[in-house]
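Thanks for asking me to look this one over.

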Amino acid sequence: MSSEAVDHDAQVEAVREAFEREFGRFARFRAGEGAEGLSLGEAETLLRELAELRTRHTAKKSALAQLMKLIGRVPAEERAAFGQRVQVLNGEVTARLDEAQEALKAHVGRLKIERERLDVTLPGRRPRRGHLHPVTQLRQRIEDVFVSMGYAVEDGPEVETDFYNFTALNIPELHPARSPQDTFYTTDGLSLRSQTSTVQIHAMQRRRPPLRVVAPGRVFRRDTPDATHNPMFFQVEGLLVDRGINMGHLKGTLSEFVRRLFGAQTRTRFRPSYFPFTEPSMEADYSCFKCNGRGCRLCKGSGWIELGGSGMVHPNVLRAVEIDPEEFSGFAFGLGIDRMCGLMYELDDIRLLFENDVRFLEQF
Ligand code: 2NL
């Protein structure tokens with residue numbers, strides 16, 4: 001053996017050692033093992049580093065490539081042995097790189113499949129469905145009853161002029177209802193409607209008699225909020241104008257209304273009252289839906305529950321919308337939806353209906 005041949009062998013060994021030093025941290029990745037427990041990110045980083053390591057140790061300018069080139073230049077008698085050693089080294093390096101790469105790739109593949117796993121047999125997520133507000137539910141039931149009796153449902157603005165809120169309703173100039181103590185005013189003299197009669201006035205102007213309308217909606221009064229008052233509440237008003245209408249029609253209508261809403265056993269009674277916009281005026285009561293008139297806590301022992309105010313439309317109201325009170329007469333009534341809603345659900349505070357707390361509302 002020549003001294004040159006020893007040098008060549010040493011070179012092969014040096015290249016092997018250099019590879020093994022750097023490859024050391026990848027050595028544990030063998031056929032299908034060693035990568036367990038690596039995260040996707042870790043495994044991908046290792047794959048990238050392994051590819052760089054492969055380039056460094058096997059590409060054109062690598063020490064291994066230099067050895068390959070050297071094969072043709074060693075003396076002919078050493079060439080076969082040297083060539084074989086270099087090829088063996090090359091084979092080993094490539095095999096170890098491939099094996100580690102395969103192990104890491106397989107692990108990355110498994111993690112990606114796991115990440116995208118989808119159980120199509122899993123039950124779907126049920127969407128959380130809400131429902132209408134209890135005041136809206138009751139308003140719609142009330143509307144349905146009147147629609148079935150031939151009434152049209154009307155809507156109108158919540159901000160009104162003096163004419164619609166007061167003057168047309170025969171409310172005198174100095175009536176307390178007009179004072180800013182009772183009614184909300186805007187800076188330019190408009191007011192938030194204090195009853196939905198405003199809608200009825202518009203309806204009479206637009207439709208002309210004979211007419212039947214109900215007007216549900218928000219109304220506003222400057223009350224201090226407590227268990228039974230809120231400065232904003234919901235009302236339904238009804239109005240019928242035709243030839244020959246009398247108190248009998250009004251009593252029949254309200255009696256039928258409460259029977260449709262609370263059942264055929266429901267009775268009514270009427271008491272004289274006063275409103276500027278009706279003459280004569282009366283308050284209507286109906287027999288308690290809970291005790292059927294025997295007297296209970298809900299009806300405060302009386303057996304009766306207040307429905308609302310009503311009466312024959314005042315001739316001045318008809319004149320305000322140019323309807324001849326000699327030719328036409330009508331009746332009107334108004335009731336509070338939220339007050340009725342509070343009674344039906346036995347709420348001890350009406351304000352619960354307006355706090356919009358889902359934990360409360362979802363019970364209805
Ligand atoms: C109540 C009382 C009432 C009316 C409203 C009315 C409307 C027109 C003409 C005449 Cl356009 N009257 N509405 C009549 C009587 C009573 O409401 O207790 N509301 C909660």
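1. The protein has a radius of gyration of 46 Å, whereas a compact globule of 364 residues would have one near 21 Å. That radius is taken over C-alpha atoms, and the globule rule is 2.2 Å times the number of residues to the power 0.38. Along its principal axes, the C-alpha trace spans about 140 × 50 × 35 Å.

2. A word on what you are viewing: this is a predicted model, in which local features need pLDDT of at least 70 and side-chain atom pairs count only at pLDDT 80 or more, while totals for chains, interfaces and linings use all residues. Residues are numbered from 1 along each chain as its sequence is written, and side-chain values use heavy atoms, with hydrogens and water left out.

3. The protein has 11 helices and nine strands; these are DSSP runs (helices H or I, at least four residues; strands E, at least two), numbered from the N terminus. Among contacts (heavy atoms within 4.5 Å) between residues at least 6 apart in sequence, 68% join residues at least 24 apart.

4. Of the 364 residues, 41% are buried, meaning under 20% relative accessible area with a 1.4 Å probe, protein chains only. The accessible surface comes to about 20400 Å², and carbon and sulfur atoms hold 52% of it; the areas come from the Shrake-Rupley method with a 1.4 Å probe, and for residues only the protein chains shown count as cover.

5. Now to the ligand. Which residues come nearest to the ligand? Of the 15 around it, they are Gln235, Glu237, Phe277, Gly309 and Ala332, where a residue counts as near if one of its heavy atoms lies within 4 Å. At Gly309, a polar backbone atom is 3.2 Å from a ligand oxygen atom. The protein buries 90% of the 490 Å² that the ligand exposes when taken alone.

6. Helix 7 gives the most to this shell, with four residues. The elements that give two or more are helix 7 (197-207), strand 5 (232-242), strand 8 (304-313) and strand 9 (329-336).

7. Finally, please look at Asp349, in the loop between helix 10 (337-344) and helix 11 (358-361). Is Asp349 buried or exposed? Asp349 is buried, because its relative accessible area is 18%. Its side chain makes a polar contact (N or O atoms within 3.5 Å, one able to donate a hydrogen and the other to accept it; residues adjacent in sequence count only if both atoms are side-chain atoms) with the side chain of Arg351, at 2.9 Å. Leaving aside residues up to four places away in sequence, Asp349 touches Asp226 and Ala227.

Conventions:
Buried < 20%, exposed > 50% of the residue type's maximum accessible area, 1.4 Å probe, protein only.
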